Amino acid sequence: MTTRPLFEARQLACIRDDRVLFSGLDFQVQGGQVLLIEGPNGSGKTSLLRILTGLRNPDEGELVWCGTTVVELAALFYQDVAYVGHMNGMKDDLSVTENLKFTQALAIAALSIDEGLRKVGLDGYQDTPIRYLSAGQRRRLALARLLCTQKRLWILDEPFTSLDKASIKMFESYIEDHVAAGGITIMTSHHDTGLPAHIVQKIELRP
């Protein structure tokens with residue numbers, strides 16, 4: 001019996017400034033998989049992620065989640081999505097804990113804030129304002145939001161930016177744990193990942 005894909009794109013197209021970034025794009029992702037989006041700068045990788053998160057509408061095509069179009073599901077779909085973009089999306093004047101509290105207020109909590117911070121190596125920084133963190137620490141905090149909320153679909157734009165090799169390896173292990181539990185991760189990355197080949201599906205965008 002064929003397993004229905006958890007997430008599916010059908011004939012997606014994206015046009016920016018009268019230029020077609022991509023068209024006729026199809027993919028299917030099962031729970032337990034990582035979809036790695038590759039392509040040179042300007043090929044539309046970030047635009048595609050914005051479409052997948054609902055921050056931008058496709059110019060053509062549709063998205064399907066659990067057999068129902070995202071348009072029909074509306075807010076129910078976005079309750080399943082966690083997005084970390086190029087920008088970390090945090091308030092500099094708030095503390096580490098306050099930023100994660102804001103995230104958890106919008107979703108079902110998976111870990112306590114202290115446990116999430118421990119897992120990303122930021123234990124002891126709970127009361128530190130974001131503006132005092134290094135670029136790598138800010139990125140680890142942004143990714144900690146994935147661990148502190150229950151979301152089946154992780155969408156990550158260059159998640160390893162500003163991270164050292166040890167931190168990259170740590171977050172790759174968390175991605176593996178997420179998909180092993182039946183989740184999906186869709187990501188772009190300029191780095192060669194250490195993720196097991198059998199869980200990774202790749203698509204390449206060309207300008």
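Which residues point one way from strand 7, and which the other way? In this predicted model, select residues 153-157, which form strand 7. Leu153, Ile155 and Asp157 point one way, whereas Trp154 and Leu156 point the other way. In a regular strand, side chains alternate between the two faces of the sheet. Burial applies to both groups: 5 of the 5 residues of strand 7 are buried.

**The neighbours of strand 7**

Next, select residues 184-188, strand 8, which runs parallel to strand 7 and is joined to it by 5 bridges. Here leucine 153 is the bridge partner of isoleucine 184. Between strand 7 and strand 8 the chain passes through helix 7 (residues 165-180), in a β-α-β crossover that is right-handed.

**The nonpolar cores**

Display Val34, Leu141, Ile175 and Met187: of the 33 residues in the largest nonpolar core, these touch the most other members. Among the elements that each supply at least two residues of this core are strand 3 (33-38), helix 4 (96-105), strand 7 and helix 7. Helix 6 gives the most, with 7 residues. Centre the view on leucine 141, which, residues up to four places away in sequence not counted, touches Met90, Val96, Leu100, Leu117, Leu122, Ile130 and Leu133. Another core, of 28 residues, lies apart from this one and includes Leu21, Val70, Val81 and Leu205.

**Aspartate 80**

Move to the loop between helix 3 (75-78) and strand 6, where aspartate 80 is placed. Is aspartate 80 buried or exposed? Its relative accessibility is 17%, so aspartate 80 counts as buried, the cut-off being under 20%. With neighbours within four places in sequence left aside, aspartate 80 is in contact with Trp65, Lys151, Arg152 and Leu153.

**The aromatic cluster**

The whole structure holds 6 aromatic pairs. Select phenylalanine 7 and tryptophan 65: their ring centres are 5.6 Å apart and their planes lie at 75°, so the pair is edge-to-face. Because phenylalanine 7 lies in strand 1 (residues 7-16) and tryptophan 65 in strand 4 (residues 60-65), this pair ties together parts that are 58 residues apart in sequence. Both phenylalanine 7 and tryptophan 65 are buried.

Phenylalanine 77 is buried, as is tryptophan 65. To finish, select Phe7, Phe27, Trp65, Phe77 and Tyr78, which ring pairs link into a cluster.

Conventions:
Residues numbered from 1 in each chain as written. Predicted model: local features only at pLDDT ≥ 70, side-chain atom pairs only at ≥ 80, totals over all residues. Heavy atoms only, no water. Buried < 20%, exposed > 50% of the residue type's maximum accessible area, 1.4 Å probe, protein only. Helix = DSSP H or I, 4+ residues; strand = E, 2+ residues; numbered from the N terminus. Pairing = 2+ DSSP bridges. Right-handed = clockwise from strand over helix to strand, strands pointing away. Core = buried A, V, L, I, M, F, W, Y, C linked by side-chain atoms within 4.5 Å. Contact = heavy atoms within 4.5 Å. Phe/Tyr/Trp six-rings, centres within 6.5 Å; stacked < 30°, edge-to-face > 60°.
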